[in-house]
Amino acid sequence: MMEKGLMDKGSVEGQVVDYLMRETLKTREMWINMGPQHPSTHGVLRLILALEGERIVDTEVVIGYLHRGMEKLAEAKTYPQFLPYTDRLDYISSHAMNFGYVLAVEKLMGIEVPDRAQYIRVMMAELTRISSHLLWLATHALDIGAMTVFLYCFREREMILDLCEMAGGARLTTSYFRIGGVAHDLPDGFIEQAREFCRIFPKKAKDYDDLILKNRIWLSRTVNVAKISGEEALNLGLTGPNIRGSGVYWDIRKDEPYSNYDKLDWEIAVYDGCDVYARYLVRLKEMRESCKIVSQCLDVLEKLDGPVMAKVPKVIKPPEGEVYASVEAPKGELGFYIVSDGSPKPYRLKIKAPSFANLISIPTMVKGHMVADVIAAIGSIDVVLGEVDR
Amino acid sequence: MIVAIIVVAVKLLILFAVLMLFVAYGTLAERKVSGHIQDRLGPYHCGPHGLLQPLADGLKLFFKEDIVAAESDKILYYLAPMIAIVPAILAIGVIPFGESITLFGRKIDLVVTDINVALLYLLAVSSFSVYAIVFGGWSSNSKYPLLGGLRSAAQFISYELILGLSIMGVIMVVGSFSLVDIVHYQKSMWMVVYQPLAFIIYMIAATAELNRLPFDLPEAESELVGGYHTEYSSMKFAMFFLGEYANMTVTSAVAVCLFLGGWYSPVSFLSWIPGPIWFVVKLVAVFFFLLWLRWTYPRFRYDQLMVFSWKYLLPLALVNILATGGVMILFGGI
């Protein structure tokens, strides 16, 4: 098993060694299948790795194990009927998925959503972002071997799921948003409980930092691992925390503000390390920023009264035309492209899922790294296969 | 003569029972400690506070279907789990756990056998445990276990060396390979005071030898599924675990003997407490430390582990030996 870089293959000696290795010793790279059943491919991702020792020569990403034909299904459902399906895209941040879909339909129909509903939506979307990032941090740390972070993160995620349950009745696949607003107003006690969460979350987030932020082993496992430059990231179409970890200022909430994001005060988290550690820092900061947004929404919601549903027709029949609307989902840019023929069902619905584009970066990231880095890389780009395969 | 044999047999039996008790409750301790570190309770339903959990685990594993990988090398495949637990059982024979006692007019040493090369013997038998992992990994004829086996071979060879070198300082100070002599030497002051660096290096190398986090690369479950024991099930799988916890117990016991004063009490006014109790208390403390490490740290990467071993620990261990020698020459022994 010759290590790459030890011997220059261009030189005569290198060629001789290469010849001896390949022809007389019959060395060849080992192909291993990582997934679809593997503890850290986060669902049903399958990677085919070509290894020289533990070094990766080539990677192929195989997807499709969770394909449900969502886009085709949409053509057979009315607009409101398709909403629950969007929950099942990125099933750990369903509010954000709902958000993207309802925005697209509203844009197509020109519906003005009441202000209170806007704030509720933004708040729920940001809570979802925190919960999604918490799940990411939990599993990412678990993959790298820091098992305790896992349960610490789940402890706080539980509080968010409780809030989701209060608001929409469901914890995971919420379907709380509606075309024109949200299903119903927030229940009594929600604001107090959400405030309590915002109060304790920064303290709890410090726990995660204490465990791994400056840990030598964590640093050596993440810094300069699975690098992808800003330019490469742009070319591959990366979005969300992954591209912000490569130093690119790109956040749809700032660049093409939707809903009420332009009225709120928060910062984009951008780090230019381009590596696993930078992506980790981005998400950590985003969680704190999201927490800030939630408290601001709560401040407004305490005073602001009004309807949470716009006047929408009983049967939703958008005019003929096409529309693209995108939101900054926890994983990146989530877009819905809808073509309407004027009937109650979409003529064509295309979903631009962030994880799909992010996943493409894996072969670029891991080339020349070791098996353990593949795990770190998959963890750091935060894929959810429900969204990749649709 | 016959009495002597009976005495040895009884000592062996007791030690073996105690070791197995430690193994069984080591698994429970692992789950309880991890539970409390992670803000949860751990096993709670088998008996009071989950105290019967090891029994339940054992029964469950015993009744599991024993699956043999079809393409495996049968002899090595069956041999590996057996080897896993043997080194620990071999090693307990030389570990002293108390001062000699007099029973029915006979002087009985609280050690099965006090051989004059006890430490060499310990190193020799403990290096057996690598065979369990290498055989397990290679004979399964499966790719993930193979990677686990590869990693462990490299890891064990590197850390075995460092383990041996870290002990050298102690041997130089005491001037004997016998564990009983080493413990006697620490009657007034623990060895960890004279050899702090050696103690740290020993603990790191021991953790690596035990495949515990942050060095659990051969079985890194998030990378290699189960590592070398991926293809094992039922009691064969359990044997690897028995071996792991037995090795942990023995390694902790050796650490207590070498660095933490063996069976002597740390302060003189507590010396009325019998030696074996002190020994167990210290052993449990070291054992807990190993558990604590596992639930706190992330995992090293394979190449970083090797770099850490050869570039940092090895020179440090050598420096420790040189410094010990220098001090001994300058001051004519400590």
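Reader: How do the residues of the lining of the second largest cavity divide into nonpolar, polar and charged?

Author: In this predicted model, the lining of the second largest cavity divides into 5 nonpolar, 5 polar and 2 charged residues. Among the residues that line this cavity are A:Tyr91, A:Ile92, A:Ser93, A:His95, A:Arg157 and A:Arg171.

Reader: How many cavities does a search of the whole structure find, and what is the volume of the largest cavity?

Author: The search finds 2 cavities of 30 Å³ or more, and the largest has a volume of about 400 Å³. Its lining is made up of 29 residues, and those nearest its centre are B:Ser129, B:Glu209, B:Leu210, B:Asn247 and B:Thr251. Several helices of chain B give two or more residues to this lining, including α3 (74-91), α6 (143-174) and α11 (234-259), and α11(B) gives the most, with 7 residues. By class, the lining has 20 nonpolar, 6 polar and 3 charged residues.

Reader: Why is the largest pocket called a pocket and not a cavity?

Author: The word follows from whether the space is open, because a pocket is an open set of points, whereas from a cavity the probe cannot get out. The largest pocket has a volume of about 950 Å³, and of the 36 residues that line it, B:Thr27, B:Arg31, B:Asp57, B:Phe241 and B:Tyr245 are the closest to its centre.

Reader: How do you know whether A:Ser290 is buried or exposed?

Author: Buried means under 20% relative accessible area, and A:Ser290 has a value of 1%, so this residue is buried. A:Ser290 belongs to helix α12 (residues 276-303) of chain A, and, leaving aside its neighbours within four places in sequence, it is in contact with A:Glu126, A:Arg129, A:Ile130 and A:Arg253.

Reader: Why is A:Ser343 called partly exposed?

Author: The term partly exposed covers what lies between the 20% limit for buried and the 50% limit for exposed, and because A:Ser343 has 24% relative accessibility, it counts as partly exposed. A:Ser343 is in the loop between β7 (332-340) and β8 (348-352) of chain A, where it touches A:Tyr79, A:Lys317 and A:Pro318, not counting residues up to four places away in sequence.

Reader: What makes B:Leu52 partly exposed?

Author: The relative accessible area of B:Leu52 is 45%, so B:Leu52 is partly exposed, as the limit for exposed is over 50%. B:Leu52 lies in the loop between α1 (2-37) and α2 (53-63) of chain B, and its C-alpha atom is separated by 9.8 Å from that of B:Ala24, 28 residues apart along the chain.

Reader: What makes a set of residues a nonpolar core, and how many residues has the largest nonpolar core?

Author: Such residues must be buried, of nonpolar kinds such as Met, Leu and Tyr, and joined through side-chain atoms within 4.5 Å. The largest core has 122 residues, and A:Tyr101, A:Met123, A:Met124, A:Leu137 and A:Tyr280 are those with the most contacts inside it, while α5(A) gives the most to this core, with 15 residues. In soluble globular proteins, nonpolar side chains tend to be buried together.

Reader: Which atoms give 61% of the area buried between chain A and chain B?

Author: Carbon and sulfur atoms give 61% of the buried area, which is about 2700 Å². The contact takes 34 residues from chain A and 26 residues from chain B.

Terms used. Residues are numbered from 1 along each chain as its sequence is written. Chains are lettered from A and ligands numbered from 1 in the order in which they are written. This is a predicted model: local features need pLDDT of at least 70, side-chain atom pairs count only at pLDDT 80 or more; totals for chains, interfaces and linings use all residues. Side-chain values use heavy atoms; hydrogens and water are left out. On a 1 Å grid over the protein atoms alone, a cavity is a set of points where a 1.4 Å probe fits but cannot get out, and a pocket is an open set with protein on both sides within 12 Å along at least five of seven lines; lining residues have an atom within 4 Å of a point. Grid points are joined across faces, edges and corners, and a volume is the space filled by probe spheres set on the points. Helices (H or I, at least four residues) and strands (E, at least two) are DSSP runs, numbered from the N terminus. Ala, Val, Leu, Ile, Met, Phe, Trp, Tyr, Cys and Pro count as nonpolar, Asp, Glu, Lys and Arg as charged, and the others, Gly among them, as polar. Buried means under 20% relative accessible area, exposed over 50%, partly exposed in between (1.4 Å probe, protein chains only). Contact means heavy atoms within 4.5 Å. Buried area is the accessible area (1.4 Å probe) that two parts lose on being put together, summed over both.
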